[in-house]
Amino acid sequence: MVRIFFPFPEEDIRYKQIHCLQNLVEIRLCRDVRESFTRTDGNVWDIQTNSYGERITSSQKQKSNPAKVWLIGDSMSMGYGLPTNETIAFVLETKYQIETRVLAVDAIGTNGILSLYLDALRLTSKENLPTHIYWIWNPSDFIDDEREKKGFRKLIYPIHFYLSRNSLFYHHLIRSPKTNVYENVEPFLYPRTHITYSNLKTFMEKTKENKEQWRILFSWGMALSGVPDTKDPNYESAKDFFEREGRKTIDLRNITEIQFAQNKKIYIPKDGHPDRDLAAIFADAIASDYRK
């Protein structure tokens, strides 16, 4: 599992300010963002978005061809904590010359990812649609889905959203819960009755017409001790679910363990998001699959 943590509250608020609210409830990256932030290990990372609020690899680059690869998901697909030149999309475009469109926002859960994808699908002309769609899945969706706003909380959420991004006092008064992290407990198997599996069923139904284009990627998240979280049973359970739904899976857990043992930069220290070398593992696997 991975989490988002900032050493300074002001930086936390600054990061929240690059997120915008769509239709009063859906979180998106804001348009035309050009910002830099400091990671927990002191390294600086930058993020740029285009006029659609999608993370891009260069504000200057003119794409000659439409992206036939779409990378969707949450913070892992988005490249949270990675400078632009270490992201999955950057590696795909520079090392493999594979144009990639990133449709990913941190901590939006299964329904948020589906909404983001369907919006892009609706606004993209037929000739520019992807031939391959890659989703880096991880168990943080179980937590994010439980936090989805409903009822009265959904009605007042825009007020909370505004105050949490503009008031340091409010930020201290009502701290946002840590995202994408087990709360000091050992991983446990979420049952198939969990809301995430219900949401995934809806996801599969609404994307069934082009299910042959989908690839679901798996790697180990980081345990609280800083090592690959090989005790988490939810990866295998989710992989089985996707395969039963007819979706192709790409399992990178073994190579993740091997490269971690070789002291490669797999996880951002004290954070858990993919670091440079794990992003490269994802990019290499996507390129290999795409070129088949």
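How close do the axes of helix H8 and helix H9 come, and at what angle do they cross? The axes of H8 (residues 195-206) and H9 (residues 234-244) come within 11 Å and cross at roughly 30°. This is a predicted model, in which local features need pLDDT of at least 70, side-chain atom pairs count only at pLDDT 80 or more, and totals for chains, interfaces and linings use all residues. Residues are numbered from 1 along each chain as its sequence is written, and side-chain values use heavy atoms, with hydrogens and water left out.

**Overall build**

- The protein has eleven helices and nine strands. These are DSSP runs numbered from the N terminus: helices are H or I with at least four residues, strands are E with at least two.
- Of the 292 residues, 53% are buried. Buried means under 20% relative accessible area, exposed means over 50%, and partly exposed lies in between (1.4 Å probe, protein chains only).
- Among contacts with a separation of 6 or more, 74% join residues 24 or more positions apart. A contact means heavy atoms within 4.5 Å.

**H8 against H9**

- The crossing angle makes H8 roughly parallel to H9. Angles under 35 degrees count as roughly parallel, over 145 as roughly antiparallel, 65 to 115 as roughly perpendicular and the rest as oblique.
- Axes are lines fitted to C-alpha atoms, for helices over the stretch in contact; angles run from 0 to 180 degrees between N-to-C directions.
- The crossing of H8 and H9 is right-handed.
- H8 contributes Tyr197, Leu200, Lys201 and Met204 to the contact, and H9 contributes Ser237, Ala238, Phe241 and Phe242.
- Six of these contact residues are nonpolar, one is polar and one is charged. Ala, Val, Leu, Ile, Met, Phe, Trp, Tyr, Cys and Pro count as nonpolar, Asp, Glu, Lys and Arg as charged, and the others, Gly among them, as polar.

**Salt bridges**

- The whole structure holds 19 salt bridges. Each needs a side-chain nitrogen of Lys or Arg within 4 Å of a carboxyl oxygen of Asp or Glu.
- Asp284 pairs with Lys95 at 3.4 Å, N to O. Asp284 lies in helix H11 (residues 276-290) and Lys95 in helix H3 (residues 88-95), so the bridge ties together parts 189 residues apart in sequence. Asp284 is partly exposed, at 30% relative accessible area.
- Glu236 bridges to Arg253, with the closest N and O atoms 2.5 Å apart. Glu236 lies in H9 and Arg253 in helix H10 (residues 253-261), so this pair ties together parts 17 residues apart in sequence. Glu236 is partly exposed at 45%, while Arg253 is buried at 8%.
- Arg253 also forms a salt bridge with Asp251, at 2.7 Å between the closest N and O atoms. Asp251 is partly exposed, at 30%.
- Glu26, Arg28, Asp119 and Arg122 are linked in a salt-bridge network.

**H3 and its surroundings**

- Ile88, Ala89, Val91, Leu92 and Glu93 of H3 are buried.
- The buried residues of H3 pack against strand S5 (69-73), helix H2 (75-78), strand S6 (100-104), strand S7 (132-136) and H11.

**Positive phi**

- Most residues other than glycine have a negative phi.
- Gln97, which follows H3, has a positive phi near 55°. Gln97 sits in the loop between H3 and S6 and is exposed at 58% relative accessibility.
- Leu24 has a positive phi of about 70°. Leu24 lies in the loop between strand S1 (19-22) and strand S2 (26-29), and counts as exposed at 58% relative accessibility.

Terms used. Left-handed = near helix turned anticlockwise from the far one by under 90°.
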